[in-house]
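This report covers sheet pairing and helix packing. The sequence and structure come before the details.

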Amino acid sequence: MCRPKRNTNAIDPKKPITVTATNETSTSASTDPITESTRRDSSKNSYSYSSTSTSSTTLSSARRSLPQSPTIYSFSDISSATNNFSSTRISSNSWRCSLPSAPDAVVVHRKIRRRIQVPQLHRLFFQICKCHHVSLARLIGAAVSADNLYLVYDYAAGANLADCLRSPKNPNFTVLSTWISRMQVAADAAQALEYMHHYTGLDLHLVHNRIKSRSIIVTEPSFNAKVCYFGAALLAGEIPGLIEQIKPGTTPKMERSDSRAMRVERTVGYAPPENSTDAVVSQKSDVFAFGVVMLELISGEEPVQYRYDEKRRDRYERVSVVERAREAVERGRVRQWVDSRLKDSFPEEVAEKMTRVALSCVHVEADQRPDMRRVAGKISKLYLQSKAWSERIGVRTDWTASFAPR
């Protein structure tokens with residue numbers, strides 16, 4: 001008769017099992033409901049495995065880490081928290097402050113661009129607050145005043161990507177001094193956008209509409225990235241077809257002229273070619289802007305530069321990072337184009353592939369641009385290749401990994 005193979009992971013019945021006695025009346029017992037329930041169930045047999053307390057602690061800490069319910073604030077709450085909007089300014093339209101349910105938060109101001117009723121706005125707000133991703137700044141509150149929208153986000157400690165790449169006081173210094181740190185930022189930002197576009201679980205066509213290096217925070221100490229302003233474009237009415245028009249015969253709680261509806265936020269250097277004052281916002285606009293951010297990460301350059309025209313000495317020539325990247329690829333000079341502050345310590349093949357992925361994102365025709373699922377997948381693969389390269393050669397930042405002339 002055939003005997004089945006013995007499971008090597010099974011407990012040998014000849015060996016005693018280590019157990020821990022459980023005293024139901026012990027004063028040191030946890031009062032956590034999960035732990036207490038487990039303890040009572042196990043006390044029926046007088047013994048419980050020693051791993052029970054570890055599992056209970058893990059579940060308890062996970063429960064405490066769950067996000068709180070979103071909060072609807074009044075305008076007076078926001079005004080008081082920001083000291084009448086004179087507190088620490090994060091950007092031109094955002095302030096760091098402290099609120100009762102958010103001790104360290106950022107208030108972001110947006111204009112409402114479409115006619116909308118407050119109950120509907122609240123409904124959309126609670127829908128968006130159900131979405132969470134580790135690489136997205138979490139939306140935790142909102143306030144409405146006339147045609148102004150104030151969104152409250154968790155504060156992310158760190159600096160925006162533009163400041164990390166380019167220090168006005170010291171142009172030769174960058175926080176992101178290694179190739180791996182830049183790949184980490186690119187991978188995190190790509191996954192955040194991928195989640196926003198495709199995996200929120202909401203039946204909504206979510207678009208960020210503000211992707212740029214200043215809307216991405218590089219956190220300490222591991223250089224992870226967080227994309228800010230998630231859901232702001234939808235709640236401010238910048239995305240067409242999502243906010244219903246007010247029904248005839250009803251009195252709106254707030255109104256704004258539709259003349260500014262559906263306009264794309266024009267950010268110099270990040271706006272796609274099809275962008276115009278009446279262009280419809282789409283996810284392809286986000287893809288284009290993200291492609292520009294990728295090129296910034298690779299080269300360290302600003303999206304748009306003005307350099308002196310040597311032929312015509314009476315003017316400056318406008319040059320975009322997209323044009324310089326295309327020129328580098330066409331001439332086979334990607335390695336020379338990559339940020340020199342990396343000291344040639346980067347995998348040349350990966351850098352060229354990253355540049356080509358970025359250029360596919362900034363394609364002139366919107367239909368020819370890939371979606372964020374494809375982009376995030378490629379960047380994740382290139383990130384793993386970069387990690388393997390780094391571990392193989394033991395990257396340092398004080399010597400060059402390439403001995404070819406620049």
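## The six-stranded sheet

Six strands form an open sheet with mixed pairing, in the order β3-β7-β8-β6-β5-β4. β4 pairs with strand β5 (residues 94–99) in the antiparallel sense over two bridges, and R89 has W95 in β5 as its bridge partner. Helix α4 (residues 118–128) packs on this sheet and touches β3, β7 (139–145) and β8 (148–154); the direction of α4 makes about 165° with that of β7.

Helices (H or I, at least four residues) and strands (E, at least two) are DSSP runs numbered from the N terminus. Two strands pair if DSSP finds at least two bridges between them.

## Basis of the model

The model is predicted: local features need pLDDT of at least 70 and side-chain atom pairs count only at pLDDT 80 or more, while totals for chains, interfaces and linings use all residues. Residues are numbered from 1 along each chain as its sequence is written, and side-chain values use heavy atoms, with hydrogens and water left out.

Strand β9 (residues 158–160) pairs with β10 in the antiparallel sense over three bridges; G158 has T219 as its bridge partner.

β10 also pairs with strand β11 (residues 225–227), again antiparallel and over three bridges, and I217 is bridged to K226. These two strands, β10 and β11, form a hairpin with five residues between them, and F223 in the turn has a positive phi of about 60°.

## Packing around helix α8

The axes of helix α6 (residues 179–198) and helix α8 (residues 283–299) come within 10 Å and cross at roughly 175°. Therefore α6 is roughly antiparallel to α8 (angle over 145 degrees). Axes are lines fitted to C-alpha atoms, for helices over the stretch in contact, and angles run from 0 to 180 degrees between N-to-C directions. Residues in the contact (heavy atoms within 4.5 Å) include W179, R182 and L193 of α6 and D286, F290 and L297 of α8.

α8 also packs with helix α11 (residues 348–361), at an angle of about 150° and with the axes 7 Å apart. That makes α8 roughly antiparallel to α11. V287, F288, G291, M294, L295 and I298 in α8 meet M354, T355, V357, A358, L359 and C361 in α11.

How values were computed
Angles under 35 degrees count as roughly parallel, over 145 as roughly antiparallel, 65 to 115 as roughly perpendicular and the rest as oblique.
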